[in-house]
Structure formats: C-alpha cells, structure tokens
Amino acid sequence: MLESLLAIGGLVLLRDSVEWEGRSLLKALVKKSALSGEQVHVLGCEVSEEEFREGFESDVNSRLIYHDLFRDPLNWSKTGEAHPGGPLGALRAMCRTDSCSITIAVDSLSWLLLHLPCTELCQTLHVLSHGNSYPGVNPPVGQVRVLGLLHEELHGQGPLGALSSLAQTETQWFSILPDFNLDLQEGPLESQQQPSSHVPLVDPTTHLTFNLHLSKKEREAKDNLTLPFQFSSEKQQALLRPGPGQSSSHIFYEPDVYDDLDQEDPDEDLDI
C-alpha cells in the first residue's frame with residue numbers, strides 16, 4: 001500500500017514520460033508525507049510555488065517548506081533569497097533538522113541534471129538518502145527520503161542508469177484522484193488490465209492501386225529501357241551525321257546597321 005511505499009527510505013525515483021506525467025504522483029506522495037507528520041521540503045525548479053501548491057488543502061500547504069528555484073534560478077536579482085551553495089547546497093541544508101523523519105521532494109531531477117554535473121548530483125543524493133553527513137552539517141536524526149521526479153525521455157542511458165542504481169522503489173498499481181490521494185489496487189502490476197488508448201497499427205501498404213516492389217521480370221525490363229533524355233553513342237552519331245539523301249543546312253547572316261560588331265564593347269547598344 002501507500003504506507004509501504006513511503007516506509008522506504010533513500011531515493012524514490014519517479015520516472016515519467018510525455019505519455020505518463022509524474023508530478024501528480026509526486027504531489028500525492030508529498031501530501032501523504034505531510035499528513036503523516038513528517039517534515040517535508042520541496043525543491044521547486046520547474047513550476048512556480050503557486051502552481052505546485054495548487055490543489056492541496058490548507059493543512060498540507062502549512063506543513064510544506066518550499067525552496068523556490070523557479071523564480072530566480074541563477075540569482076540574477078541578487079535578493080539574497082538564493083542559497084549560497086546553489087541547488088545542491090540547498091539540498092544539503094534541508095537535513096539540518098531535529099525531525100525524526102524528513103521527506104525531500106525534488107521537482108525535478110531533470111532540471112538539476114541540465115544545470116549540474118551528473119556525478120555531483122548522484123553523490124549528493126547518495127549522501128542524503130543514506131543518512132550520511134557533510135562537513136559542517138549534522139547528520140539527520142531519523143530517516144531521510146528523497147522523492148525525485150525524472151523526465152526520462154530527456155536523458156541518455158548514462159544518467160538514467162546512475163540514478164536508477166541509487167533508487168530504492170516499490171512498484172504499485174494506482175490511480176491518482178483529483179485531490180492527490182492515491183487509489184491503490186490489489187495484486188501485482190502485471191495482473192492489472194490497463195485500457196489501451198492506442199489505435200491498432202495499420203499496414204499502409206494494403207489496398208494500394210500500385211506495387212511498391214518490382215518482380216524480377218519487371219526489374220529486367222526497367223533496366224533495359226532507354227529513356228528519351230538518355231543519348232547512347234549510336235543515337236549521338238545518328239543525330240550528328242546526316243543520313244543518305246539528306247542535304248546539310250547552312251545559315252546565312254547579313255548584318256544590318258543596328259548590329260554591334262564592336263568586339264571590345266559588345267554591350268554598347270545596351271547603354272550601360
């Protein structure tokens with residue numbers, strides 16, 4: 001059930017795609033963690049704080065500690081709100097708490113991968129999810145869980161494999177309700193019948209009025225065909241040499257007064 005999924009510490013990797021979006025699942029897990037009394041930090045990178053909080057009840061929103069990287073990710077405004085250590089520094093600082101259980105929601109890991117080296121991000125996630133500490137940072141008292149949203153179609157096999165090796169997840173079959181509650185189904189994932197929204201593939205070559213392929217006989221006839229614009233040596237000789245009974249032609253030209261025969265300025269009549 002959902003409690004068993006949230007009982008897992010470490011990194012919970014939420015891989016979504018264009019067809020299946022994952023932010024709704026992330027918000028559902030955030031809601032459950034907040035209502036369970038955990039301290040919940042949200043590192044928001046892709047959507048505004050208002051958009052992320054939309055749909056939560058007031059008791060859930062009041063328990064969320066939101067770290068906004070969406071409004072000014074590069075600290076151009078110099079307001080002092082950005083963490084001096086950047087996104088990874090903000091992640092490390094979230095563990096400075098006496099809470100027995102911490103949930104860190106990262107929206108999203110894809111944004112961090114586009115702005116930070118993959119090795120640094122993986123090292124930070126490994127330290128956080130295994131309860132270790134950095135120099136100058138007290139180790140967390142209780143369990144640390146990192147919920148990381150990842151748009152898998154934006155990355156290659158290297159980053160996906162590295163993050164997947166860090167993750168500890170449990171597969172469940174569920175539906176996300178409008179209020180971000182999860183409706184979990186009984187039984188393994190393979191036993192659930194998913195309604196398919198895909199249209200069956202149709203062979204585009206069926207019912208054509210012409211053939212896309214040539215038979216051996218047709219290919220030989222095609223290769224032996226001489227096209228009108230192709231001149232063989234025999235055809236060239238026939239056109240250049242007059243046949244028997246054919247007289248050669250001559251062109252007689254008599255210049256008039258307006259003809260320009262000046263070879264040094266042949267375009268004199270153009271008034272250039």
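Tutor: Strands of a sheet pair through backbone hydrogen bonds, either parallel or antiparallel. Here five strands form an open sheet in the order 1-5-4-2-3, with parallel pairing. Strands pair if DSSP finds at least two bridges between them; helices (H or I, at least four residues) and strands (E, at least two) are DSSP runs numbered from the N terminus. This is a predicted model, in which local features need pLDDT of at least 70 and side-chain atom pairs pLDDT 80 or more, while totals for chains, interfaces and linings use all residues. Residues are numbered from 1 along each chain as its sequence is written, and side-chain values use heavy atoms, without hydrogens and water.

Student: Which strands stand at the edges?

Tutor: Strand 1 (10-16) and strand 3 (64-68) do; each has a single partner strand, so one side of each is left without a neighbour in the sheet.

Student: How many bridges join strand 2 to strand 4?

Tutor: Six bridges join strand 2 (residues 39-44) to strand 4 (residues 101-107). Val40 stands opposite Thr103 in strand 4.

Student: How is a pair of packed helices described?

Tutor: Two packed helices are described by the angle between their axes and the distance between the axes. The axes of helix 7 and helix 8 come within 10 Å and cross at roughly 10° (lines fitted to C-alpha atoms, for helices over the stretch in contact; angles run from 0 to 180 degrees between N-to-C directions). Helix 7 is therefore roughly parallel to helix 8 (angles under 35 degrees; over 145 is roughly antiparallel, 65 to 115 roughly perpendicular and the rest oblique).
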